[in-house]
Amino acid sequence: MSKNKHSKSSKRWLDEHHNDYYVSQSKKEGFRSRAAYKLIELQEKDKLFKLGMQIVDLGAAPGGWSQVLTSFVGEKGKVFALDILEMDPLPDVVFIQGDFTQDESYEELMNLIKGQTVDWVVSDMAPNMSGNRSTDQANAMYLVELALDFAQSVLKPKGNFLAKVFQGEGFEMFVKNVQQQYQKVVIRKPDASRTRSREVYVIGFNKC
């Protein structure tokens, strides 16, 4: 991508960000990110989370999802969060700063939730975008496939999975993999997702 195209793209993103309804709402309502509204909408539509549940939040920083999840699961629930970036502390959230693709961080998270009953693994992970669509798509699919494998390792027998996935190469195969592992699979694009974004949310249910 040329410098000029990159500058135009950056300016467009900044203009959208400053004029974004969900950005302004998140500031007014005290949410850490506009992503909180995506999860709120998914919860309203599909009734995903209940009081007392234990949830692993991958790609958690700056904490928008973890913040909302704590309200969904209440005092008897628990949220375990991980991100490569720093995240300011949140009440009732146990946070690990680390790279999910690295064995050390993966093992630290596994040790943290050892012996816990995990009801949901949720992932809002995305790679740092390079501007090369094929490379970015491959990196994004790698992350979400890792999240799916992780979920299979830690979820209770009737546990559930939610992940942000970018439509493109590998998307259909990934959905098929989720369908093989979960009783019901739905794909959602919340209103809070930007229209031009290729992101959707794949939800795998194994509810009793």
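My notes below go through salt bridges, then aromatic rings.

**Entry 1: salt bridges.** I'm working with a predicted model. I counted the salt bridges and got 5.

I started with R188 and D46, whose side chains meet in a salt bridge at 2.8 Å, N to O. R188 belongs to strand β6 (residues 184-188) and D46 to helix α3 (residues 35-46), so this pair ties together parts that lie 142 residues apart in sequence. R188 comes out partly exposed at 23% relative accessibility, while D46 is buried at 15%.

**Entry 2: a bridge from strand to strand.** Next I looked up D119 and K156, which form a salt bridge of 2.7 Å, N to O. Here D119 lies in strand β4 (residues 118-123) and K156 in strand β5 (residues 155-166), so parts 37 residues apart in sequence are tied together. D119 is buried, with a relative accessible area of 8%. K156 is partly exposed at 32%.

Entry 3: Then I went to K164 and D124, where the salt bridge spans 3.3 Å, N to O. K164 is in strand β5 and D124 is in the loop between β4 and α6 (133-154), so the pair ties together parts 40 residues apart in sequence. Are these two buried or exposed? K164 is buried at 10% relative accessible area, and D124 is buried at 13%. I also noted that salt bridges with shared partners join K38, D124, K164 and E199 into one network.

**Entry 4: aromatic pairs.** I turned to the rings and counted 8 aromatic pairs. One of them is F100 with F150, edge-to-face, with 5.6 Å between centres and 85° between planes. This pair links distant parts of the chain, as F100 sits in the loop between β3 (93-97) and α5 (103-112) and F150 in helix α6, 50 residues apart. F100 is buried at 5% relative accessibility, and F150 is buried at 0%.

I then looked at W120 and F205, an edge-to-face pair at 6.1 Å centre to centre, with 85° between the planes. W120 lies in strand β4 and F205 in strand β7 (residues 199-205), so the pair ties together parts 85 residues apart in sequence. W120 counts as buried at 0%, and F205 counts as buried at 8%.

**Entry 5: around F205.** Which residues share an aromatic cluster with F205? I found F49, F72 and W120 in one cluster with F205.

Note on methods: Residues are numbered from 1 along each chain as its sequence is written. This is a predicted model: local features need pLDDT of at least 70, side-chain atom pairs count only at pLDDT 80 or more; totals for chains, interfaces and linings use all residues. Side-chain values use heavy atoms; hydrogens and water are left out. A salt bridge is a side-chain nitrogen of Lys or Arg within 4 Å of a carboxyl oxygen of Asp or Glu. Helices (H or I, at least four residues) and strands (E, at least two) are DSSP runs, numbered from the N terminus. Buried means under 20% relative accessible area, exposed over 50%, partly exposed in between (1.4 Å probe, protein chains only). Rings of Phe, Tyr and Trp (its six-membered ring) pair if their centres lie within 6.5 Å; planes under 30 degrees apart count as stacked, over 60 as edge-to-face and the rest as tilted.
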